[in-house]
Structure formats: C-alpha cells, structure tokens
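Subject: Structure for your files

Hello,

The structure we spoke about is below. My notes on it follow.

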Amino acid sequence: MKASAAQIRAAVDKPDPATRLYLFHGPDESGAAELAERLARALGPDAERVDIDMKALRDQPGRLADEAASMSLFGGARYLRITGVEEGASEAIALLLGAERAGNPVIAIGPGLKASGKLVKSAIAAPAALTFACYVPEGVDAARLATTVAREQGLRLTGDLPQRLAAATGGDRAILSREVEKLALYLDAAPDRPRDADGAAFDAIGADLGDTELFHAIEAVLDGRVAEIGTELAQLGDGTAIPLLRQLARRLMTLAELRGDMDRGASVDEVLEKHRIFFREKPATGRALRRWNAAQITRAIDRVRQTERALMHSGSAGEVLADAECIAIARAAARARG
C-alpha cells in the first residue's frame with residue numbers, strides 16, 4: 001500500500017501488527033530515518049533491533065522471513081531494519097510478504113530505489129506492506145512539515161516561525177524534529193498542554209544566529225584558509241556549533257544554485273548580479289564559485305548535514321565535531337578548483 005504523509009506518520013506511531021514491511025524510498029534518507037526512529041519508539045524502549053545488510057539478503061533471501069517470524073530472546077518486541085536496500089532485495093521481500101506468519105515488522109530504507117522499480121511496485125501492491133516516498137521538503141511544504149511536527153509536540157507555531165524553522169534546518173526532518181523538541185521543552189509544551197511558539201522563543205533557545213557573527217569564519221572555510229580557521233572559530237565562543245553548521249550549509253546551498261547557472265553558461269559576474277548577492281559577500285562568493293565545482297559543493301553539503309545530525313545525539317564529541325568538519329572542508333577548498 002502506498003501511504004500519504006499523514007498516513008505514514010499515524011502508522012509508525014501506532015504500528016498495526018498486520019503490517020510486515022515499512023518501505024521508505026527516495027532521496028530524503030534523513031526523513032526515512034526519522035520515521036524509522038518513530039516506529040522504534042512506538043514499539044517500546046526495550047524493543048530488540050536486528051540489522052540485516054544487503055549481502056545477507058542476496059546470499060540468503062529466506063533469512064528475512066525467518067528473522068521476522070522469530071521470537072525475541074527475552075520474549076519482548078522485536079523489529080528488523082535494512083539500510084540501503086536495493087532491487088537485489090526483491091526476492092527476500094517477496095518471501096517475507098508471502099510467508100505464513102511474520103510477527104516482527106521490517107523497516108527497509110532505500111534512498112536509491114525508484115518509484116517505478118520492481119521492489120517498490122510489489123510493496124505497493126501488497127496489503128501487508130506500507131510504502132512512502134521520502135523527498136526533502138521545500139518552500140511551502142517545508143513550512144507545512146514544521147507546523148505538523150510542532151503540533152505533534154503540542155506547539156502552535158505563530159508568525160513566520162514555520163518558515164524560519166524550515167530554513168534553519170534545511171528541510172532535514174531529523175534535525176527539524178529535534179529543534180521542535182527543544183522548543184517544546186523550553187515552553188513546557190505537550191499534546192495535552194499546547195503552547196504558542198514564536199520567534200522570540202526560537203531565538204531564546206539559541207537555534208539561530210545572525211550571518212554577521214559567522215560570516216568571517218564561513219568565508220575562511222570556503223576560501224580554504226586553513227591556518228586562520230582556528231582563530232575564527234575561537235572568536236565565536238561556545239554554543240555556536242549548530243548555528244555555524246547551519247549557516248555554512250545555507251551558504252553552500254546558495255553556491256550550489258549559483259554554480260548551476262554557471263554550468264549552464266553564465267559567467268560569475270552575471271550570476272552574482274542575477275541573484276542579487278549582497279555587495280559585502282560578492283568577493284567571497286565569486287572566489288568560492290571559481291574554486292568549487294557542483295560535485296564538490298554537493299559533497300560538502302552532505303558532510304555538513306551529517307555532522308549536524310551527529311551533534312544532535314547525546315554522547316557526541318560536541319563542538320569538536322563542528323571544528324573538525326570546518327577544517328576538513330577548508331582543506332578540501334584549498335585543493336579545490338572549479
């Protein structure tokens with residue numbers, strides 16, 4: 001069965017024992033991971049997770065159905081998770097869906113799967129499977145997602161806060177969910193005691209930081225001035241890792257858009273004028289466009305997003321992760337030539 005956004009969120013929050021497979025496909029791997037985490041929470045804190053990789057599915061297609069029908073070691077809830085599922089898992093999935101019984105749900109995340117592919121089509125046709133296409137939300141959709149996630153936490157977003165949250169998190173559902181959780185904690189909100197959340201509350205939790213304070217550090221990173229990064233980061237002080245990574249990601253996404261125009265034949269000066277780049281940022285933006293190509297920008301965006309997600313988890317190395325990633329990108333910039 002093909003699920004809508006509302007249906008899949010309801011389904012993972014209250015799993016139906018009849019659903020054997022949750023297949024999340026499409027490029028928004030973070031969104032798929034967030035749905036998988038919600039399903040795991042719904043199964044309970046003691047639920048046993050069993051990871052199966054693609055090699056195992058190819059070598060032993062029947063293992064998935066066997067594991068799904070197996071009891072947990074301690075008799076509690078159990079679920080299976082496949083990350084990076086590919087078309088090569090079609091036989092294993094078919095055996096799972098056709099098995100006589102399968103008491104443990106399977107979560108399959110396939111960022112590279114196509115909606116027109118055999119695996120997705122077979123899952124859509126199966127009554128015991130739910131499929132959902134995960135795409136990074138943009139514009140109105142991103143703001144709407146922010147409102148929906150906030151409502152589930154007991155928050156009513158007011159003013160332009162939905163748009164600010166969407167922009168600050170770059171459409172990354174996992175990061176958006178954690179920012180909303182921080183807001184809910186700050187305002188003591190819950191589904192049974194809803195609260196209004198405005199821009200002032202967002203600013204109070206330190207979720208955003210102005211471009212001015214971060215401009216010089218980001219400029220040094222994109223210029224590849226490795227020797228200066230330490231000084232620039234030290235001047236920012238503590239508690240700025242997340243805002244720094246977000247602003248760096250925004251700058252890289254802007255560069256990606258501008259670089260796309262250049263790859264279609266526009267000059268650097270034409271691109272800067274077309275997109276009305278602020279005069280103070282024109283020199284640095286022009287240098288970055290001449291230095292970075294589209295593939296390098298894409299890789300840098302992915303790395304920054306991964307680092308931000310890592311920072312959100314307890315037990316991480318904290319701001320050291322952000323500093324290390326900025327240095328790594330600066331080194332890459334020093335070697336890069338557009």
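Helices (H or I, at least four residues) and strands (E, at least two) are DSSP runs, numbered from the N terminus. This is a predicted model, in which local features need pLDDT of at least 70 and side-chain atom pairs count only at pLDDT 80 or more, while totals for chains, interfaces and linings use all residues. Residues are numbered from 1 along each chain as its sequence is written, and side-chain values use heavy atoms, with hydrogens and water left out.

Helix α13 covers residues 241-263. At 1.5 Å a residue (the expected span is 1.5 Å times one less than the number of residues), its 23 residues should span 33 Å, and the 32 Å between its end C-alpha atoms agrees with that. Of these 23 residues, 17 are buried, so α13 is largely enclosed by the rest of the structure. Buried means under 20% relative accessible area, exposed over 50%, and partly exposed in between (1.4 Å probe, protein chains only). G265 follows α13 and has a positive phi, near 115°.

Next, the sheet. It is open, has 5 strands in the order β2-β3-β4-β1-β5, and its pairing is parallel; two strands pair if DSSP finds at least two bridges between them. β2 (48-51) and β5 (129-133) are the edge strands, each pairing on one side only. From one strand to the next the twist averages 20°. Axes are lines fitted to C-alpha atoms, for helices over the stretch in contact, and angles run from 0 to 180 degrees between N-to-C directions.

Helix α6 (residues 118-125) packs on the sheet and touches β1 (21-25) and β5, its direction making about 140° with that of β1. Contact means heavy atoms within 4.5 Å.

Strand β3 (residues 78-83) pairs with β4 (residues 106-110) over 4 bridges, and β2 pairs with β3 over 4 bridges. L80 is the bridge partner of V50 and stands opposite V106 in β4. T83 has I109 in β4 as its bridge partner. In β3, 5 of the 6 residues are buried, so the strand is largely enclosed by the rest of the structure.

Finally, the largest pocket holds about 760 Å³ of space. Its lining has 28 residues, with D28, V136, G170, D172 and R305 nearest its centre. The largest share of the lining, 6 residues, comes from α16. A pocket is an open set of points on a 1 Å grid over the protein atoms alone where a 1.4 Å probe fits, with protein on both sides within 12 Å along at least five of seven lines; lining residues have an atom within 4 Å of a point. Grid points are joined across faces, edges and corners, and the volume is the space filled by probe spheres set on the points.

Regards
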